[in-house]
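The following note sets out points for a colleague to consider alongside the coordinates. Please read the points in order, with the structure open.

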Amino acid sequence: MIPLASVIDSFVGAFDFILHSRDAVTGGHVQVGGIPYIWTFARTQLEVSAVALGGALAVGMPIGLVLGHIGKGEYFAVGFGNAGRAVPEIAVVFLLAALIGIGLGNVALALGILGLPPILTNTFVAMRQVDPTAVQAAEGVGMRPWEVIVRVELPLAAPTIMAGVRTAAINIFATATIASFVGLSTLGDLVTGRNVYGDDGVLAGAIVIAVLAGLIELALAGVQRLLTPRGLKLQRATRSA
Amino acid sequence: MTVVAAKGLLFADAANRCAPGLPASFCQHHETTGCVGGNGLFCPGWAVDNFDRYVGPFFRHLEIVAISVVAGFAVALALALFSHRHRVLIPPLLGATGVLYTIPSIAFFFLLLPITGFGLVTAVIPLSAYTLQIIYRNTLAGLANVPADAKDAGRGMGMSDRQLLWRVELPLATPEVVAGLRIAIVSTVAIATLAFLAGAGGLGAPLYAQPDFKTNIIMVGALTIAMALTLDLIVVLSRRFLMPWQRARPR
């Protein structure tokens, strides 16, 4: 264990790095640190994460919705999610970089692939959990299949789908840090760049990554609440009471 | 070597770059022609010849995973049993384990570095913290799903709270507990590939030593997935042997 005073010193130094710019360890009057400087890295990481999440949603959700609606492919949909957990993210990022090259688009593709399993699996499971009597009622009043999906099943499945989206978003954002290994300037640059940014910069990077991940989680939890139909909230409240 | 220089090297000459602490010979492949020289998708000959370089990191990886999961499981189970009795603790504990779960592993490692320094401890704390949320949630769900009839029967036989917990509730909650354990093991094996960043080694170390050599990437990926599947299978099989009452459940 390292004495408390030095731990406090480290964190004070890190916050100083976040708030004020300074000379880089490597010298040459290169300025590093400060909020605008860190924001350039954070922006790249948020952008690539957003693109990847959007792509994973665009591909994973329709497949999950259709499979869940017709009730086929459970083995595929659930197995895909389980298999996805076993794949080491860093290997996928490196392999795709070696196969198709580096750059924002390619990294977004790698991250999107990693976000796909939780979204597809949760969408499928969410659709299967929808009360079948609600679906029968919708069919009974003459809704077409797509109307049943969009107006009945999707709203009722929304909370569980959003749980998958949250998992995917956190995974993608965390893995986007690793993208600095394949040449994309994300916040991973700070934590792996001790030679340039010093110990303060490394710790500052870690703090910013953790805080941003927390904010993303908080924001998506808010979206999840908004998307939960009032009826479901009532149902849950009465069930737990 | 600065980070900027390291970046330039990553794709130009990465085969000769060595992660800190590894001997240079570990990271070099001298061939300039054939599968290895051409960086083919997978070079079986090279993989067989160089298999021994993965053996050490593989067992180190296993060690990291074992310590993390055992520690996480013990803490999560204790928390679940305690808050099962004191239910006001459930929301704050779910919140706290959830917050830990959202901290990206790289950030977690480097946040701990000033406190615990490079090494096994810094790798194990985040990895076991991630298992808390999964196992805690699943154990609570398992205890909540125990049929009231079973508990009533236990009470009727004159069991105390403690006896009821250990002889009725926990045995009946095992499906969910084991399901949580399986998720925890499989995801910990995958995340432990980043433990090398905390200075703990594992299968991430040989990966990072040659990050653009495809055979190396595939070897590390395959070994990691194989470890995850094997451990998962061991859990499934040992559940069958250790918890025979589950087979007696209605089919």
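What pLDDT does chain B average, and what share of the residues score at least 70? The first point gives the answer.

1. Confidence. This is a predicted model, in which local features need pLDDT of at least 70 and side-chain atom pairs count only at pLDDT 80 or more, whereas totals for chains, interfaces and linings use all residues. Residues are numbered from 1 along each chain as its sequence is written, and chains are lettered from A and ligands numbered from 1 in the order in which they are written. Chain B averages a pLDDT of 86, and 84% of the residues score at least 70; pLDDT is the predictor's confidence in each residue, from 0 to 100. The model scores ipTM 0.89 and pTM 0.86.

2. Over residues 1-23 of chain B, pLDDT stays under 50. For residues 1-23 of chain B the model has 36 contacts beyond four places in sequence, two residues being in contact if their C-beta atoms, placed from the backbone, lie within 7 Å.

3. Secondary structure. Chain A has 10 helices and 2 strands, in the order α-β-β-α-α-α-α-α-α-α-α-α from the N terminus. Chain B has 12 helices and 0 strands. Helices (H or I, at least four residues) and strands (E, at least two) are DSSP runs, numbered from the N terminus.

4. The C-alpha trace of chain A spans about 75 × 50 × 35 Å along its principal axes. Of the 241 residues of chain A, 45% count as buried; for the 251 residues of chain B the share is 40%. A residue is buried if 20 or more other C-beta atoms lie within 10 Å of its own, exposed if 12 or fewer, and partly exposed in between, with C-beta atoms placed from the backbone. In chain A, 74% of the contacts with a separation of 6 or more are between residues 24 or more positions apart. In chain B, 73% of contacts between residues at least 6 apart in sequence join residues at least 24 apart.

5. The interface. The contact between the chains takes 37 residues from chain A and 36 residues from chain B. On the side of chain B that touches chain A, at least two residues each come from α1 (3-12), α6 (90-102), α7 (105-116), α10 (161-191), α11 (204-209) and α12 (214-242) of chain B. The largest share, 9 residues, is supplied by α12(B). By class, this side of chain B divides into 24 nonpolar, 9 polar and 3 charged residues. Here Ala, Val, Leu, Ile, Met, Phe, Trp, Tyr, Cys and Pro count as nonpolar, Asp, Glu, Lys and Arg as charged, and the others, Gly among them, as polar.

6. The nonpolar core. In the largest nonpolar core there are 126 residues, and those with the most contacts inside it are F94(A), A206(A), F110(B) and V189(B). Such a core is a set of buried Ala, Val, Leu, Ile, Met, Phe, Trp, Tyr and Cys residues joined through C-beta atoms within 7 Å. Helix α7 (residues 145-178) of chain A gives the most to this core, with 15 residues. Not counting residues up to four places away in sequence, F110(B) touches V191(A), V202(A), L203(A), G205(A) and A206(A).

7. Individual residues. A14(A) lies in helix α1 (residues 4-19) of chain A. Leaving aside neighbours within four places in sequence, A14(A) is in contact with D200(A), L203(A), A204(A) and I207(A). A14(A) counts as buried because 25 other C-beta atoms lie within 10 Å. F213(B), in the loop between α11 and α12 of chain B, is buried, with 21 C-beta neighbours inside 10 Å. N39(B) has a positive phi of about 50° although it is not a glycine. N39(B) is found in the loop between α3 (34-37) and α4 (44-49) of chain B and is partly exposed, with 15 other C-beta atoms within 10 Å.
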